Amino acid sequence: MAWSLFNLLIFPGFLFLFVFGLAMEFVDRKLYARLQNRIGPPWFQPFADFVKLAAKEDIIPEEADSVMFRLMPAFALASVVTAFFYIPLWSTQSLFSFNGDLIVVIYLLTIPTLTFFLAGWHSTSLFSMIGATRTLTQLFAYEVPLFMAILAPALLAGTWSLSEMTVFYDQHPAYAAFNIIGLIVSLIALQGKLERVPFDIPEAETEIVGGTFTEYSGRFLAMFRIAIDIEAVVGASLIAAVFLPFGLGLGAAWGFVFYLVKVLAVIALLALLRTVLARLRIEQMVIFCWRIVAPAALFQLLINLILSGVLRP
Amino acid sequence: MANFKIPIGPQHPALKEPESFTITLNGETIIEMDMRLGYNHRGIEKACEERSYIQAMYLVERVCGICSHSHSTCFIQAVEEIAGLAIPARAQYIRTIIAELERIHSHLLWLGVAGHEIGFDTLLMYSWRDREVVMDTLAALTGNRVNYGINTIGGVRRDISKEHLAGLLKTMDILEERTKYYIEVASEEITLIQRLSGVGFISHEDTVMLGAVGPTARASGVDRDIRRDDPYLAYKDIEFQVITDTHNDVYGRTLVRVGELMQCYSMIRQLVAKIPEGPVTVKAPRKIPAGEAFSRYEAPRGEDVHYVKANGTDKAERVKIRAPTLANLQSVARMMENNRLADVPIIIAAIDPCFSCTDRMIRINDTAGRRKETISWQALRTHSLEWYRKQGVDFKDLNAKMRQRMKA
């Protein structure tokens, strides 16, 4: 009981994720800055931002639905932290696992986006409502390719459990090479999920001020921000577990080092992506996702269907 | 989704100055746009009447923070014309060099702002880093990064040394190389092209009819540039091309500005090569004889117009400033039609607006003490059309005639 609580709250639970999320936000911001020829923030900047926001006054608009307004940040945070427990990180065994946890993780990762939508919608400000609509429109564009891209490796492994998947790929590391299209698709989809350039359409500041979060301030905004940071880490961990199952059988210490390297690599790729691209328009984003990303994911699914027949009779 | 109105401004992250755009949307598509100016009226024209010419020149320089040299040069050109002053050739050249440096820094600034408006912050950071090179050069030549204060009535206040001229040529090499890189980015970066091309379309005819000026007009194929059409300063001595484009959209406006940057470098090289020796200033009288003058100047944003009326004292009777943004604003409403909400910031930014420079106020004092009455907008419009018809001008025909003439 005490051990479970420790797992949930300290390691690898909330506290670890909190620190790790902030650290990754720093890495992302520093890389982004260096790529743009800027100096970038000091290492404690994300934490300082969090403390500052948390210390500020919470303002809830009179028109807004106060209950939903307060609840949504907590929902977003809870769902991303929960998703983390089902992902195998530095060994082939996640903290909790059951057959079908893959689906649960993907759904848990969808909940933050839905909370962004509901939070924006219940703020009842024009800008947040437009942001909310865009969030949802965007969700439909990248979610399906993401599902297909992540289910394809599972198809090859013949299991719906993330832990069993990593066991399978740990035994056949070469098979991971087949999933390269899926890896690219899920990186693009993760960028969309995190609402970063070129997919930061829902919170495009030059168009709709703060987008979904226009009315948010203080602790609630801080909670959303930390949820997004953690979502980035969880998303990167999911991609690492599904597509980069290397170095899992080397013991906890080496496993942990490999895990950090993998997450860092994913975060670095995402930072690079947002450096070199301009923000798309919402209809360009939807067209891009359905015309290019979704067929690519389907193709990956097809490859793995055929392969699973050939390799795993 | 039903039509709804969304306010952009007076305070909005996309706008750096206060002005209000009310946009009627259907979903993400813009139905129409309503514009309101006048949030930053500073009473500069009136203040000029209270000050001596030299004080007014410094005040006019502060009309705009970016094209400050444009406004001050445009103003003293008019003053010098009234006073009949012929300024030395070297002063003309120095003014021209500063003018072109100002154009470079203004266009680089615009490139960064445009990048920011479409969520491409990397372009902002890069072009503003390179803009620092021009800013430092301007500071070295004039002593200031903005509001250079190089002009004085009858010439310029500082000479440019040989070392500075040599340094200027080196700066041009650095900037030219950088600009080539931006041209490459503009022609290859796919998300950039996707975001810019086809956005804010305005036809050639509409551009002429709405009287757009500067790069905004030239991007719609209007071959008009005061530097060539009505040469002032040293522009008649140097060769340059007027860059035009027929894309008619934001992408075209980007290409025109980047093309003009390349022209600026070649112009500055010619100016440095040709600059004559001699004095940089002539003695100017404190009191300017009565008279009036109208001065035109191709500012980075388009044609800047100043009108000065002198009455024989050391203060101007009347100063009228028309900043280029005022001429371009009418076309923004047309550019907005049938675009998407996401394109609003870049369409506004594409005319390179300078709203604070534009804000002027007209107030009519009824000295005869006639009865004041309130008149509705519609009634006023009918009345004015009627009034002009009596004078023999029919505006209904005028539009049709203008279209005919443009076709011919």
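Trainee: How many Å separate the centres of domain 1 and domain 2 of chain B?

Mentor: Good place to start, and keep in mind that this is a predicted model. In the domain assignment of chain B, domain 1 covers 44–334 and domain 2 covers 377–407. Taken over C-alpha atoms, the distance between their centres is 34 Å.

Trainee: Which strands of chain B are the edge strands of the open sheet?

Mentor: Three strands make up this open sheet of chain B, in the order 1-2-3, with antiparallel pairing. An edge strand pairs on one side only, and here that applies to strand 1 (3–8) and strand 3 (29–36).

Trainee: Which residue is the bridge partner of B:S20?

Mentor: Let's look at strand 2 of chain B, residues 20–26, which is joined to strand 3 of chain B by seven bridges. The two strands run antiparallel. The partner of B:S20 lies in strand 3 of chain B, and that residue is B:R36.

Trainee: What packs on the sheet?

Mentor: Here we turn to chain A, whose residues 126–157 touch strand 1 and strand 2 of chain B. Their direction makes about 115° with that of strand 1 of chain B. The element is helix 6 of chain A.

Trainee: Is B:E19 buried or exposed?

Mentor: Nice question! B:E19 sits in the loop between strand 1 and strand 2 of chain B. Residues that B:E19 touches include B:I8, B:R36 and B:F355. Its relative accessibility is 1%, and the cut-off for buried is under 20%, so B:E19 counts as buried.

Note on methods
Residues are numbered from 1 along each chain as its sequence is written. Chains are lettered from A and ligands numbered from 1 in the order in which they are written. This is a predicted model: local features need pLDDT of at least 70, side-chain atom pairs count only at pLDDT 80 or more; totals for chains, interfaces and linings use all residues. Side-chain values use heavy atoms; hydrogens and water are left out. Two strands pair if DSSP finds at least two bridges between them. Helices (H or I, at least four residues) and strands (E, at least two) are DSSP runs, numbered from the N terminus. Contact means heavy atoms within 4.5 Å. Axes are lines fitted to C-alpha atoms, for helices over the stretch in contact, and angles run from 0 to 180 degrees between N-to-C directions. Buried means under 20% relative accessible area, exposed over 50%, partly exposed in between (1.4 Å probe, protein chains only). Domain bounds come from an automatic or database domain assignment. Lists of a residue's contacts leave out its neighbours within four places in sequence.
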